[in-house]
Amino acid sequence: MSSTDSTPVSERPDGGDMSDGSEDSKQGTVVVKSRAVVKYSAAPPACSYAVLQEQTDLKLPPANWLRESQLGPAGTSVLGTSSKTKPFSSFGMAYDFIDCIGDDVDVVSDSETGDWTWLKEFYQRLIDQKWQRKKKSKEHWYQKAILSKFLYYSINGDGAAEPVSAEAEEDEEDCGRVEDCGLSWPATFNSSASHCEDHAPSEEEGLGCSFALADVALASDVASIPKEQNLPTLFDEGESSQGLRNDFVRNIMWTFEDIHMLVGSNMPIFGGGRYPAVSLRLRDNNKPINILTGMDYWLDNLMCNVPELVMCFHVNGIVQKYEMIKTEDIPDLENSTFSTRVVKDIAQNILSFLKSNCTKEGHTYWLFKASGSDIVKLYDLTTLCEEATEEKCQNPFTLPVAVLLYKVASNMMLKNQNRKYYGTIRTLLLNCVKLLDEERHPQMMASAQYMLAELFQLDEESMTCEEGGGGSEDSYSSDEDEEEEEEEEEEDGVGLQDDSKAIAIIKSVGELSVPEKYTSTNHTRSSGVLPVSQDKEERCRHVLNYVLKGLKAVDSSIKRETELPSADPHTPIPLKYEQAATTGAVQTHISLLLDPVGGAGEEGKRVTRSGMVSGSWQHRLKLQLFLKASKAFYVLADAANNLLKYGRALRYIKLALQCHDAYCSISSGLSPRVLLFHSQCLCLCGDVQLMLAQNASNRAAYLEEYQYQTQDHQELLHCLHRESSCQAFSVATDLSGDCEYQLFVSCKCYEAAHDLLTSEPLMSGTLAEVAEQQGTHTRKRLGNIRNELGVFYMNQAATLQSEKEARRGVCAAEQELWRRSFSCFEKGLLDFQAICDLTNTTLLQCNMGRLMRICAQAHSQSEQPGHGEFSPEEALYYNKAVDYYTRALSVLGSRGSHAAVWDSVNWELSTTYFTLATLLQDHAPLSRKAQEQVEKEVTEAMLKSLRYCDLDTPSPRQPLYQYRAATIHHRLASMYHSCYRNQVGSEGLRKQHRSQAELHYSRASALFLSLSHTPCELLRTLLERVAFIQFTTSAQSSAAVKLKTLTGALEVMCDTRHAFNRIQKELQDAPLEDSTGSADGDDDSSGLNKEEVMRLIGVFEPSLSFLLLQLIKLSSKRKSSGQEDESVCVYRQVYSSLLRAEKEAPLVERIALYLQLLEQLPGNTHTPQSDTHSVT
C-alpha cells in the first residue's frame, strides 16, 4: 500500500473534507484536544450496517462467512485486508509517509498491539525464565468466531442463518487460530483482546501484559519537508521492502493534546444512524463494560474521528438489542467511567519518559509491564540482543530501523536542506550503516556511504556556512549528556534496583496519572548530532573514506566467473615516472587529453571490466562514487597548490584524473557537468605543472611529496583498477625534471580544457554561460603558458648567445629557439586579444620586442672582435623591437589604464632607442653611410629615447630616467663637440654645433648634479665642457674675448667641487684603504670606481693648471685695476699650489686639496643650474 497510489480522502464515510475532531469531557472542565486527518484511505464510502433481528443466533455462520470475494467493496472497509497485519506494518506506514517523520510526528503506531511471539520468548529466555505465557483459552477463540460472524451478518444484511459447506463448518470448529480464519480483525489501541468482552482486563489488572516498542531513529531532530522535488534515488526500494508493507486500510495523522501520532487503523466504520459514521461493537449483555474497554472504544473513535458508537448486546450468541452512544459520552458510561484528564496525563508521561530514556540513535527500546505487576520497565533491546549469543536472539528490528534511518536521511537529502541539517543527516546515516550487514544488504550500504560523502559539499559556495547554520551541532559532548541523563533519572526516581537489565523503571503505574510527572529531557538529543566539518581537507578525507567503503560494498556484490588477478590492497601501486626524451614523444600521447568523452563506451547493456552490467544499481552507484572521489581529489589538489605544495598537488590531481578515467571507462557518455568538471581538472593540472617548472630548485622535495601514498588511497586505486587501467592521463600527471617538458604538458592541458569548454555539448546546453566564463579564464591561462614557453625559449637563446665565444655567424640552434619563441608569443598574443586582455597583450608584445633585441644582439656579436660597424641586421631587429613596443603603448592608450605596465613599456622603448643610437654612434657604419647621415640618425634616436624618459612623474624608475636623460645629453654634447672640432666649411653649421654642444653639456651637468650617485659622470661632463670652451678660444683673436671665455671656463671648473664633495663623502664612508692611496680599479662598498676617479683627476689637474696659466698670461698683458691684481694673485697662488702638490699623496688628501683650492677661486658660487653664459 503506497501513499502515492491514491489521494488522501476524508476519514468520514460521506466523503466530506478532512476535519478536526475534538472531545470535550463532561467531567469537570477538562477539554481533550483531538484532531484526526486522514493521510491515506483504501476504503470506499462506508455502507450502512444491517440491524440484526432479535434472537438472531450468532453461533450459526452466515452464507458469506469467510468469503470476502462475495462481500464487494464494503468488505474491505469493514474487515480490513485479507491477511494478518504484519509485525512491521508500522514501519511500512512510516516509509509511506516519510515526510511526516520528525517534528510532525512523535509516535508511529498500529491501532493495535500485535502478538509478538518472538518478544515473549526473548523475555522468557534472557530476562525472566520463570515467566510463562498465558495460553489463550477455547473461550477466547469462541468469542472471536462469534465476533467474526456478527460482522459478516452486519455486512450481508441477512438476519437468518444459512447453511454452509463442510469446509466452513470445519473452519468454525477449528477457529482457535486466527490464521485459519483468514481474518484481519485488529485489536484496539492498547490490548489485543479488548474487542472480546471475556478477555478484557479488569481495572485492577492495570495495563496488563504490554509489549510496547520504541525504535529511536532521531526522529525528533528531522525537519518536515514538503514534497517539491522528485529526484531519482540510487537506492532500489525493492531491497528494503523485506515484507515491511503498510497493511492498514487507513493511515491517520492524529493529534491528541500535544502528541502527534501517525496511526494505522483497520477499525470497521459504517454509515447510517444520526451520524454519517459509526463504529460497531459486540458486547455480552451479562458482562459490564470495564474501564479499559470503554477507554479503548473512546480512543478508537477519537483517532478515526467517529462521532458515534453502536453496540449490539447478545446473550450466549443470541442478539438482544442495539444501543447508540455518542463518542463524547463514552467516558461517562456506567461501570466504565474514567477521567479523560488521566488518559491525557498518562499519554504525556509515557511519551516524556520514553524521550528522556530512549537516547541512543538506532537502538530499539522495549517498554514492558507484566500482567498483575505495577512496575513498568524499559529495556534496550539492541544492547540485549548484542549481548546474547544465540541466533534466535538476533534483533529482528535491525533492518526495519536501518531502512527507516536511510529513508528519512534520503528524504532530507533530496529536499536541498539548509546545511544546519547536515549533521542530523550524517548521524542518521552513520547509525544506519552500523545496523546494516554489508554482505546481506550491499546496495543500501553503498547508497548510505554515497549519501554520507554527498553531505560534504566540495564546491566553494557550499563550503561557506549559511547564516544560522551549525549552531549547537558543534558543541556536542556525549560525556556531559550522559551525566545529565543520569542526574535526571535520579531526580525522577527512576532506579534500576529491581532489574539490572532494564535501563529505566517506572516504580508504579500510578505515577503516570500525575500531571507532568515525567518531563522530557530530550533537549540533549537535538545537539547530539555529529557536526559536518568545515575544514576543506578534513572534509575531503571524510568523502574519500565513505567513497572507499561504498566501492567496497559495490564490489562485494558483483559476482563474476573469472575474477581479475587479485591485488594486495596493502601493496603500494607505483606511480610511474618516465623522463620524456623529446616533446615529440609527449605529442603522441597528449591527444588523450583532447578526447572529451575519454574512454566512454557504447550505449546499451554491456559488461564492464569487473563483470558489472551497465544500467544496474552497481553501475549507477559506481559512476557517482567515482565522480565524487574525483571531485574530492580535485579539491585536495587545489588546496595543496594554494599551499605551494606542488608535489602533493600533482599527486592529488593524478588521482582525480585516474578516478575520471575509471568513470569514463564505465560510462556510456559524459554529461555537460562532467565535461565541465573535467576541464577544471585539466586546468588545475596545467597550473601545477607550470608551478613545478617555475620552482625547479625544489624538485627533490616535490618528488617526495608526489611519491607518498596513504593506505586508503592504495585501496581506492585497487577499486579503480577493477574497471580501468587508469593510464589515460599518465603523461599529463608525471613529475618530470625537464622544465621544457613541464611547460609543454601544461600548455597541452590548457589546450584540452579549452577544447572541452568550447565543445558543442557545453556551448549548446544550460551550462553555456558557465562554460563561457571558464573558457575565458582558460584562454587567459593558455596565453600565459604560451608566453612562459616563449620566454623559456628566448632565455635559452640568450644563454646560448652569451656562451658563444668567437664563432662567426648565427647558429641554427639559435634560429630554431627564436622561431619557437616567436611562435609561442604569436599564439599567446592571439589568446589575449581574443579575450580583450589589454594588459597581457601589452606585456606579450613587450616580450616580442625583447626577442627582437636578442636577435639584434646575436647579429652584432657575429662579427670580428671589436664588433665592427653597425650591421643592417641589427638595425632591422632593433626597428622591429621599436615597432612591438610602439604597438604595446598604443594598446594601452594612456598611462591611466595601467601605470606600471605603461612605465615598463616606456622604459623598454627608451632603452631600445638609446641602444640603437649608442651602437650607431660608437660603431658608425661609415662604409655604407655618410657621417652626416649617421649623425642625423643618432640624433633622432637619442631624442626619441629622451622623449620616453618621464622626468616629471614621481616613480621608482625616475632616477633611472634622469640618469638616462643625462647620459643622452652628455652623448649628444660629445657628438656635437666632435663635429665642431672636425667640421670644415660652413660657419653657420659650426655655430649650430657649438650651440647644441653647449646646450646639451649644460643640461647633462644639471641632471648629473641632481643625482647623488653619479659624481664621476658629473666630473667627466664638466671637464669635457671645460675642454670644449677652451677649444673655442682657438678661433678667438681678441684678448678680452678670450679672457672672458676662459673666465667662464673657470666658473665651470669651479663646479667640479660638487663632484669632489660627493667623492670625498663616499671615500670617508667607505672602509679605510691602504696608506698608499692607490686604487686597484675595483668598486668599493660605496660603489665608487676609484680607478675612474684617478683617471679623471689625471685630467683635472693639467686642465686646471693650463686654464690658470692662460688666465694669468692674459691678465698680465692688460692694464689691470687693483681688483684685477687681486684675481691674478689668487690665480698665481692656486697655480703654485697645484704645481707643488704631492702626486703620491692619498686620494682623500688630494681631493681635500682640490676642494680647498677651488674654494679660493673667484666665481665658486656658480652652479650648473644658473649657467646662462654662451660662447661667441
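pLDDT is the predictor's confidence in each residue, on a scale from 0 to 100. I start there since what I have open is a predicted model.

**Entry 1: confidence**

I looked up the average for the protein chain: the mean pLDDT is 76. I also noted that 72% of the residues reach 70 or more. Over residues 158–242 pLDDT stays under 50. The model still has 228 contacts beyond four places in sequence for that stretch. Residues 462–498 are another run where pLDDT stays under 50, and here I find 56 contacts beyond four places in sequence. Where pLDDT is low, the predicted coordinates should not be read in detail, so I leave the particulars of such places alone.

**Entry 2: the whole chain**

I count 39 helices and 14 strands in it. The chain has 1176 residues, and 52% of them are buried. I also checked how far along the sequence the contacts reach. Among contacts with a separation of 6 or more, 78% join residues 24 or more positions apart.

**Entry 3: the cores**

Which residues touch the most other members of the largest nonpolar core? I get Phe633, Leu1050, Phe1060 and Leu1161, out of 229 residues in that core. Leaving aside neighbours within four places in sequence, Phe1060 is in contact with Leu1019, Ile1097, Phe1100, Ile1151, Tyr1154, Leu1155 and Leu1158. There is also a second, separate core, with 31 residues. Ile259, Ile291, Leu299 and Met303 are among them.

**Entry 4: Leu1161**

I find Leu1161 in the segment after α39 (1147–1160). Is Leu1161 buried or exposed? Its relative accessible area is 1% and the cut-off for buried is under 20%, so Leu1161 counts as buried. Not counting residues up to four places away in sequence, Leu1161 touches Leu1050, Cys1054, Leu1104, Leu1108, Val1130, Tyr1131 and Val1134.

**Entry 5: α37 and α39**

I then turned to the helix pair α37 and α39. Their axes come within 12 Å and cross at roughly 35 degrees. The crossing of α37 past α39 is left-handed. On the α37 side, Val1093, Met1094, Ile1097, Phe1100 and Glu1101 make the contact. On the α39 side I see Leu1147, Arg1150, Ile1151, Tyr1154 and Leu1158. Ile1097, Phe1100, Ile1151, Tyr1154 and Leu1158 also turned up among the contacts of Phe1060.

While in α37 (residues 1090–1116), I stopped at Ser1105, which sits in that helix. Ser1105 has 14% relative accessibility and therefore counts as buried. Beyond its neighbours within four places in sequence, Ser1105 is in contact with Tyr1135 and Leu1138.

I looked up α12 (residues 422–435) and α13 (residues 442–455). The two pack at an angle of about 155 degrees, with their axes 10 Å apart. That makes α12 roughly antiparallel to α13, since an angle over 145 counts that way. From α12 the contact takes in Tyr422, Ile425, Arg426, Leu429, Leu430, Cys432 and Val433. From α13 I list Met444, Met445, Ala448, Gln449, Met451, Leu452 and Leu455. α12 passes α13 in a left-handed crossing.

The other pair is α21 (residues 672–694) with α24 (residues 739–757), packed at about 160 degrees with axes 8 Å apart. α21 and α24 are therefore roughly antiparallel as well. I note a left-handed crossing for α21 past α24.

**Entry 6: positive phi**

Most residues other than glycine have a negative phi. Which residues did I look up for a positive one? Gln55 has a phi near 70 degrees. I find Gln55 in the loop between β3 (34–41) and α1 (73–79), and it is exposed, with a relative accessible area of 53%.

Asn305 has a positive phi of about 55 degrees. It sits in the loop between α8 (291–303) and β10 (308–315). Asn305 is buried, at a relative accessible area of 9%.

How values were computed:
Residues are numbered from 1 along each chain as its sequence is written. This is a predicted model: local features need pLDDT of at least 70, side-chain atom pairs count only at pLDDT 80 or more; totals for chains, interfaces and linings use all residues. Side-chain values use heavy atoms; hydrogens and water are left out. A nonpolar core is a set of buried Ala, Val, Leu, Ile, Met, Phe, Trp, Tyr and Cys residues joined through side-chain atoms within 4.5 Å. Buried means under 20% relative accessible area, exposed over 50%, partly exposed in between (1.4 Å probe, protein chains only). Contact means heavy atoms within 4.5 Å. Axes are lines fitted to C-alpha atoms, for helices over the stretch in contact, and angles run from 0 to 180 degrees between N-to-C directions. Helices (H or I, at least four residues) and strands (E, at least two) are DSSP runs, numbered from the N terminus. Angles under 35 degrees count as roughly parallel, over 145 as roughly antiparallel, 65 to 115 as roughly perpendicular and the rest as oblique. A crossing is left-handed if the near helix is turned anticlockwise from the far one by less than a right angle, and right-handed if clockwise.
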